[in-house]
Structure formats: C-alpha cells, structure tokens
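User: I have a structure to learn from. Can we go through it in short questions and answers?

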Amino acid sequence: MQPLESLAREAQNLAGATEHSVTWHKKGITANEAEVARALQICNACRYCEGFCAVFPAMARRLEFDSKADLNYLANLCHNCGACLHACQYAPPHEFAVNVPQAMAKVRMETYTDFAWPASLGQLYKNNGLTLSLATAFGLVLFLILTILSTGNLLSQGQSQPLNGNFYAIFPHNTLAWMFGLVFGFAVLALGIGVRRFWKEITPGKATSETITEAAHDALKLKYLDGGHGEGCNDEDDRFTLRRRRFHHLTFYGFMLCFAATSVATIYHYVFHWQAPYAYTSLPVILGTLGGIGLLIGPAGLLWLNMRRAPLHGDAAQKPMDRGFIALLFLTSLTGLILMIWRDTGIMPLALAVHLGVVMALFLTLPYGKFAHGIYRCAALLKWSIEKRQPNNLGLGSD
C-alpha cells in the first residue's frame with residue numbers, strides 16, 4: 001500500500017470512528033456536515049488539490065473538523081467548480097467516495113435555512129422551486145391586472161387620453177415607490193440579518209480595508225471559478241471550460257446595470273425633477289437595455305448548464321431552487337425589454353402589470369432562494385482574506 005493511500009485510509013477510519021460520531025452529535029453537527037468533515041479528513045491527508053481554490057489552504061489550517069462554524073464557513077467558501085472532484089483519486093467509484101463539491105452544496109443549503117430571517121421562512125429554501133417562483137409571479141401579475149381593470153382598461157386604446165408610455169398614468173409614482181420600497185427593504189433586511197448571524201458564528205476576526213478590497217475583488221472577478229489554473233470549471237465532465245464563469249458574470253453585471261438604471265431614474269425624478277418616460281437615448285434606458293440583455297443571456301446559459309450537469313456535480317435536490325431563481329431573472333429581463341420596446345403601444349398597461357408582478361416575485365423570494373449564495377459566499381471570502389493573514393499555528397499548508 002502506498003504511503004498516501006495509507007494516510008488517506010487512516011483519515012477515513014478516523015472520520016468514521018465512534019468517538020467522532022458522538023462529538024458531532026453533541027455539537028449539533030448534521031449528517032451532511034459530518035460528510036463534509038469526513039471528506040476533508042481525507043483531503044487533509046492527501047493535499048493534492050491544495051492550489052485549486054481557497055477551500056484547501058483554509059482546510060490545511062485545521063487538523064479537526066468538528067466545529068459547525070468551520071464546516072459552514074468552508075462550505076460557503078466552495079464555489080462548486082468541480083475541479084477537485086475530477087482530480088480526486090478517492091472520488092466515486094472509489095470506496096472512500098469523496099465528493100467535496102456535492103457535500104459542500106448540501107451544507108450550504110442548511111446554512112441558508114439555519115440563518116434565515118424570519119426563522120419560520122427558512123424552509124422556503126427547500127421549497128422555493130420553479131413552480132413556487134412562477135406561481136408567485138403569476139399571482140402578483142393577476143392581482144395587478146385586476147387592479148388595472150378595476151380602475152380602467154387593460155389596453156390603452158380604450159383610454160380617454162393617450163398614455164404615450166407614461167407608466168404613472170396606470171400606477172401613480174408614489175404607489176409604485178411604496179410598493180417596491182417595502183418589498184426591496186424586506187429583502188435587504190432579511191438577507192442582512194441572515195448573513196450577520198452567519199458572520200457572527202464564523203468569528204472571522206477584524207476586517208481591514210485591505211481584506212475587504214481583496215474579498216470584493218475575488219467576488220467580482222469570480223476568481224475561484226477558474227479551477228485554480230485559469231482554465232475554468234468542470235461543468236458536466238472533466239473538460240475545463242469558462243462558460244459558467246462567463247454566464248455568471250453576464251447575470252451579475254446585468255442585474256447590477258438594471259439596478260443602476262433604476263437608481264439613475266430615481267435621481268432624475270427626485271433631484272432633477274425629470275419625469276418618466278425617458279428617451280431611448282437617456283442613461284436609464286441605455287443602462288436598463290444593456291442590463292436586460294445580460295440578464296437574458298446569462299440566466300439562459302446558466303439554465304442550460306444546470307440541465308446538463310452530471311449527477312455527481314453539486315446537489316441535485318437544489319436544482320428546483322436554482323431554476324426558480326434563474327427563471328425569475330430571465331422573465332424580469334424579458335418582460336422589462338418588452339415593456340420598453342412597446343411602451344407607446346396599446347399593450348403597455350398589460351405589459352406593465354406583467355413586468356411589475358415578475359419583479360415583485362423576484363424580490364419577495366430573493367432572501368429565500370439562490371441569490372443568498374452570493375451574499376454568504378462574499379462573507380466567507382472576507383473571512384478567508386482575514387484568516388490567511390493570521391499566523392498559521394499548525395505550521396502546515398500554504399497560503
């Protein structure tokens with residue numbers, strides 16, 4: 001038996017020892033967290049994947065994995081790129097069956113559920129699938145359509161005055177501001193409280209401008225979706241590709257451009273008193289159009305990759321949640337672009353109701369869907385940026 005195999009087998013036996021199981025039970029460590037601990041015991045004996053991403057040098061700073069906080073931190077540091085799965089000599093069908101990305105994905109789901117606010121809504125992470133997301137959007141769209149019908153006509157040809165793309169002739173500005181302000185405020189509050197609880201548990205140490213800048217850079221660049229060598233992830237097999245990273249970039253920056261468009265329009269309205277609708281050449285419309293295109297291509301690409309992913313990649317049980325979020329992002333962009341293009345036509349009231357309903361559904365489900373992974377991962381990246389600057393008391397591993 002080779003020395004490395006001997007070390008890995010010793011780690012496997014240690015991870016399955018009765019005393020470890022008792023310790024995990026006493027510390028409230030779940031079966032999924034225990035599986036991560038078992039896999040990392042073996043990984044710590046091997047160290048082949050140490051340069052792949054931040055998970056492995058962070059792992060090397062630990063000899064034991066019986067801390068729930070450490071397991072939650074490492075799980076959220078994992079980007080599920082799949083590189084370590086295909087590099088691992090102990091991956092299935094080996095008897096050790098080490099699958100770090102899949103084990104980490106299952107623990108991340110538990111993290112979102114455990115730290116959710118309000119706690120009673122935490123189970124929505126497990127139920128927030130495609131059906132629920134679309135049903136929420138449909139219900140809100142129907143409510144808005146009925147509201148329009150109660151006060152006027154759904155098609156602008158029946159209006160006594162031409163609307164000329166004026167959304168506020170359908171819903172007053174203050175009504176929209178209050179409606180979306182409350183929904184957006186709730187989403188920010190719920191996510192903020194959840195990640196604050198996570199941050200407090202992982203006891204990250206003191207953040208500095210240097211660590212914050214590095215973590216922000218790694219998050220915005222999606223540094224750890226390059227497989228550790230710049231060639232990308234393994235999506236459905238052992239081939240390296242940057243597709244997932246690029247589709248994530250299109251999705252994220254498309255979302256941010258749309259948010260910027262709304263922010264600029266808000267400044268136009270309240271600071272300069274410039275009333276919508278704005279010209280197609282105006283900054284809000286240009287930003288919204290570019291963002292909308294990104295939010296069409298990015299989510300469509302991510303859905304394509306999600307449907308092609310092999311069973312060993314990630315947690316199949318989370319696919320409904322992933323697809324629900326992707327669908328709402330795609331529909332938000334699609335309905336927004338339709339509304340913009342046909343805002344001066346007779347279908348504008350109907351298009352407005354559909355778009356507003358989808359956007360409200362997106363933000364209502366935001367704290368309890370796939371969006372949360374980006375927030376928790378940013379916190380984990382900041383923790384790693386702080387931690388790697390601290391002395392490694394084990395004297396093992398490299399940063």
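User: Which residues line the largest cavity?
Analyst: This is a predicted model. A lining residue has an atom within 4 Å of a cavity point. For the largest cavity, the lining is F52, C53, V55, F56, C78, H79, N80, C81, G82, C84, V100 and Y224.

User: How do the residues of that lining divide into nonpolar, polar and charged?
Analyst: Phe, Cys, Val and Tyr count as nonpolar, while Gly counts as polar. The lining includes F52, C53, V55 and Y224, and also G82. The division is nine nonpolar, three polar and no charged.

User: What is the volume of the largest cavity?
Analyst: The count comes to three cavities of 30 Å³ or more. The largest cavity has a volume of about 80 Å³.

User: How far apart in sequence are E214 and R389?
Analyst: Side chains of opposite charge can pair when their charged atoms come close. The side chains of E214 and R389 meet in a salt bridge at 3.0 Å, N to O. E214 lies in helix α11 and R389 in the segment after α16, so the pair ties together parts whose separation in sequence is 175 residues.

User: Which other salt bridge does E214 form, and at what N to O distance?
Analyst: The partner sits in the segment after α16, 174 residues from E214. That partner is K388, at 3.2 Å.

User: Is E387 buried or exposed?
Analyst: E387 forms a salt bridge with K383, their closest N and O atoms being 4.0 Å apart. Both lie in helix α16, four residues apart, about one turn of the helix. Buried means under 20% relative accessible area. E387 has 6%, so E387 is buried.

User: How far apart in space are L250 and I297, C-alpha to C-alpha?
Analyst: L250 lies in helix α12 (residues 243–270). L250 touches G294, L295, I297 and G298. L250 and I297 are 47 residues apart in sequence, but in space their C-alpha atoms are separated by 7.0 Å.

Notes: Residues numbered from 1 in each chain as written. Predicted model: local features only at pLDDT ≥ 70, side-chain atom pairs only at ≥ 80, totals over all residues. Heavy atoms only, no water. 1 Å grid on protein atoms, 1.4 Å probe; cavity = no way out; pocket = protein on both sides within 12 Å on 5 of 7 lines; lining within 4 Å. Points joined across faces, edges and corners; volume = space filled by probe spheres on them. Helix = DSSP H or I, 4+ residues; strand = E, 2+ residues; numbered from the N terminus. Contact = heavy atoms within 4.5 Å. Buried < 20%, exposed > 50% of the residue type's maximum accessible area, 1.4 Å probe, protein only. Lists of a residue's contacts leave out its neighbours within four places in sequence.
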